[in-house]
Amino acid sequence: GQQVMQIPQYQHVQEGEDFTTYCNSSTTLSNIQWYKQRPGGHPVFLIQLVKSGEVKKQKRLTFQFGEAKKNSSLHITATQTTDVGTYFCAGATSGTYKYIFGTGTRLKVLA
Amino acid sequence: ETGVTQTPRHLVMGMTNKKSLKCEQHLGHNAMYWYKQSAKKPLELMFVYNFKEQTENNSVPSRFSPECPNSSHLFLHLHTLQPEDSALYLCASSQDPYPGTSGRVNTGELFFGEGSRLTVL
């Protein structure tokens, strides 16, 4: 079945350093979404990417969708303690409601 | 407040008990989901309902039985569970991402409830 892997599994950074998490799907996706889950919380939607090669920015966050629509990345510039949490990608194939979540990357930011 | 409400927030049950988890969404969405989140696995999709019809059953054991009486409510009936079923059960909803079906265009974004933390003894 479809699998979505993320690396790294964990990342500790000093506040102010950059952070990147990578997402890879075993199948071609129609779109990919990114979510953030704070400790003890529930996943919260960040963004959706639909087009091949698409790049979107939200303040310090940059999201990319690969040309083959099988991989994606999230880059955070100059991390802050508020960025702490687990970041998940979620991919869907065309015509389905089946969002398969990646394994997640847990980010810790040291002040 | 996400517009998706789950009850109970915490549930402890024995392996022979029967209980139900409830999810209600106030967003006018037409698709609802159950996900399981355990410590050692990523978010696992269990069931998807679209317009009250089950469109996905991700090989979930029959001891989990979903029910979707209308597009705003979703239940997960639990019976004869096992300790490894202990996890956070998350309900989510979304709007049909294809415009024209309901007159609204949406990203297909998932709105999650706060989850029901289940412990099976």
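This is a predicted model: local features need pLDDT of at least 70, side-chain atom pairs count only at pLDDT 80 or more; totals for chains, interfaces and linings use all residues.

**Entry 1: around Q6(A).** I began with the neighbours of Q6(A): leaving out residues up to four places away in sequence, it touches T21(A), Y22(A), C23(A), W34(A), Y87(A), F88(A), C89(A), G102(A), T103(A), G104(A) and T105(A). Contact here means heavy atoms within 4.5 Å.

Residues are numbered from 1 along each chain as its sequence is written, chains are lettered from A and ligands numbered from 1 in the order in which they are written, and side-chain values use heavy atoms, with hydrogens and water left out.

Back to Q6(A), which I found in strand 1 (residues 4-7) of chain A. Strands are DSSP runs of E, at least two residues, numbered from the N terminus. Buried or exposed? Q6(A) counts as buried, because its relative accessibility is 4%. The cut-offs are under 20% relative accessible area for buried, over 50% for exposed, and partly exposed in between (1.4 Å probe, protein chains only).

Next I checked polar contacts of Q6(A). Its side chain is joined to that of T21(A) by one of 3.3 Å, and a polar atom of the Q6(A) side chain lies 2.9 Å from the backbone nitrogen of G104(A). A polar contact is a pair of N or O atoms within 3.5 Å; within protein, one must be able to donate a hydrogen and the other to accept it, and residues adjacent in sequence count only if both atoms are side-chain atoms.

Entry 2: I moved to chain B, where S93(B) sits in strand 9. S93(B) has a relative accessible area of 0%, so it is buried. Which side chain does the S93(B) side chain make a polar contact with? I found H29(B), at 2.8 Å. Beyond four places in sequence, the contacts of S93(B) include V4(B), Q25(B), L27(B), H29(B) and E109(B).

G108(B) is in the loop between strand 9 (87-94) and strand 10 of chain B. I have G108(B) as buried too, because its relative accessibility is 0%. I also looked up G108(B) against H29(B): they are 79 residues apart along the chain, and their C-alpha atoms are separated by 9.8 Å.

**Entry 3: where A meets B.** I count 18 residues of chain A in contact with 23 residues of chain B. The two chains bury about 1700 Å² between them, 59% of it on carbon and sulfur atoms. That area is the accessible area (1.4 Å probe) that two parts lose on being put together, summed over both. I get 5 residue pairs in polar contact across this interface (both at pLDDT 80 or more). On the chain A side, strand 4, strand 5 (44-49) and strand 10 (100-101) each supply at least two residues. Strand 4 gives the most, with 3 residues.

**Entry 4: rings.** I noted 12 aromatic pairs over all chains. Y35(A) and F112(B) are edge-to-face, because their ring centres are 5.9 Å apart and their planes are at 90°. Rings of Phe, Tyr and Trp (its six-membered ring) pair if their centres lie within 6.5 Å; planes under 30 degrees apart are stacked, over 60 edge-to-face, and the rest tilted. Y35(A) is in strand 4 (residues 31-37) of chain A and F112(B) in strand 10 (residues 111-112) of chain B, so this pair joins two chains. Both Y35(A) and F112(B) are buried.

Key:
Helices (H or I, at least four residues) and strands (E, at least two) are DSSP runs, numbered from the N terminus.
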